[in-house]
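Here's a quick tour of the fold you have open. Keep the viewer handy and follow along from the whole chain down to single residues.

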Amino acid sequence: MKESNAAQTDLSQMIVPDDDSTTEHPGRVVSINAGKQPMAPTVIAVTSGKGGVGKTNISVNLAIALGKQGLRTLAVDADLGLANMDIIMGVAPTYTAAELVTGEVDVEDVLIEGPENVWLLPGASGQHDLANLDDRGRRAFFDAIDTVEDRFDAVVVDTGAGVGSNAMGFASA
């Protein structure tokens, strides 16, 4: 297992661009959990109303960058009907969100170790019913994540495209 360099790097803050970002003022500074205190993980949702703009690539690279900085990172593929974070990460899950939402398996069975201190909760691909979860299904998915969130410093959520109930629900959770 690779040793973390978190003790050498201040991971308690990061700069987030805002509408007034310039070279002199790159954005606002926000605090993030660096695994030093028991607190809820920082959750970052990567979302867009349009498909094909690179959300998954940004999500995976952000999760890996956080992991390389020593943060225990959970990457959630919330593009449940057309998931592909597993492919980008080069991992092959045994179970996916499909089995999790139906209650066939627990979240521990679905989580898969990825690169650089990142764990993946993979979505499923080509499953119409997952792409259109009802409120109860989304709640079950959120509840499953809540049971493991204390193991992570950061959660990166890759949402599906559009303004449908899944995309909006995961972006606002």
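A residue is called buried here when under 20% of its relative accessible area is left, exposed when over 50% is, and partly exposed in between (1.4 Å probe, protein chains only). On that scale, 42% of the chain's 173 residues count as buried. This is a predicted model, where local features need pLDDT of at least 70 and side-chain atom pairs count only at pLDDT 80 or more, while totals for chains, interfaces and linings use all residues. Residues are numbered from 1 along each chain as its sequence is written, and side-chain values use heavy atoms, with hydrogens and water left out.

**The chain as a whole**

- There are seven helices and seven strands in the chain; helices (H or I, at least four residues) and strands (E, at least two) are DSSP runs, numbered from the N terminus.
- Going along the sequence, the elements come in the pattern β-β-β-α-β-α-α-α-β-β-α-α-β-α.
- Take the contacts (heavy atoms within 4.5 Å) between residues at least 6 apart in sequence: 69% of them join residues at least 24 apart.
- The chain exposes about 9600 Å², and carbon and sulfur atoms supply 50% of that; the areas come from the Shrake-Rupley method with a 1.4 Å probe, and for residues only the protein chains shown count as cover.

**The sheet**

- Five strands make up an open sheet with mixed pairing, in the order E3-E7-E4-E6-E5; two strands pair if DSSP finds at least two bridges between them.
- Strands E3 (42-46) and E5 (112-113) sit at the edges with a single partner strand each, so one side of each has no neighbour in the sheet.
- E3 runs parallel to E7, joined by five bridges, and Ile44 has Val156 of E7 as its bridge partner.
- Strand E7 (residues 154-159) also pairs with E4 in the parallel sense, over six bridges, with Thr73 standing opposite Ala154.
- On to strand E6 (residues 118-121): four bridges join it to E4, again in parallel, and Leu74 has Trp119 as its bridge partner there.

**What happens to strand E4?**

- How many of the six residues of strand E4 (residues 73-78) are buried? Six of the six are, so E4 is largely enclosed by the rest of the structure.
- Thr73, Ala75 and Asp77 point one way from E4, while Leu74, Val76 and Ala78 point the other way, and all are buried.

**Helix H1 against the sheet**

- Helix H1 (residues 55-68) lies across E3, E4, E6 and E7, and runs at about 170 degrees to E7; axes are lines fitted to C-alpha atoms, for helices over the stretch in contact, and angles run from 0 to 180 degrees between N-to-C directions.
- With 14 residues, H1 reaches 20 Å from its first C-alpha to its last, close to the 20 Å expected at 1.5 Å a residue; the expected span is 1.5 Å times one less than the number of residues.
- The buried residues in H1 are Lys55, Thr56, Ser59, Val60, Ala63, Ile64, Leu66 and Gly67.
- They cover an arc of only 160 degrees around the axis, which puts them on the same side of H1; the arc is that of the directions from the helix axis to the C-beta atoms.
- The cover over those buried residues includes E3, E4, helix H2 (85-89), E6 and E7.

**Positive phi**

- Most residues other than glycine have a negative phi.
- Glu116 isn't a glycine, yet has a positive phi of about 55 degrees; Glu116 is in the loop between E5 and E6 and counts as partly exposed at 30% relative accessibility.
- Asn117 is in the loop between E5 and E6, with a positive phi near 70 degrees and 29% relative accessibility, which counts as partly exposed.

**Thr96**

- Leaving aside neighbours within four places in sequence, Thr96 is in contact with Val110, Pro122, Gly123 and Ala124.
- Thr96 and Val107 are eleven residues apart along the chain, and 9.1 Å separates their C-alpha atoms.
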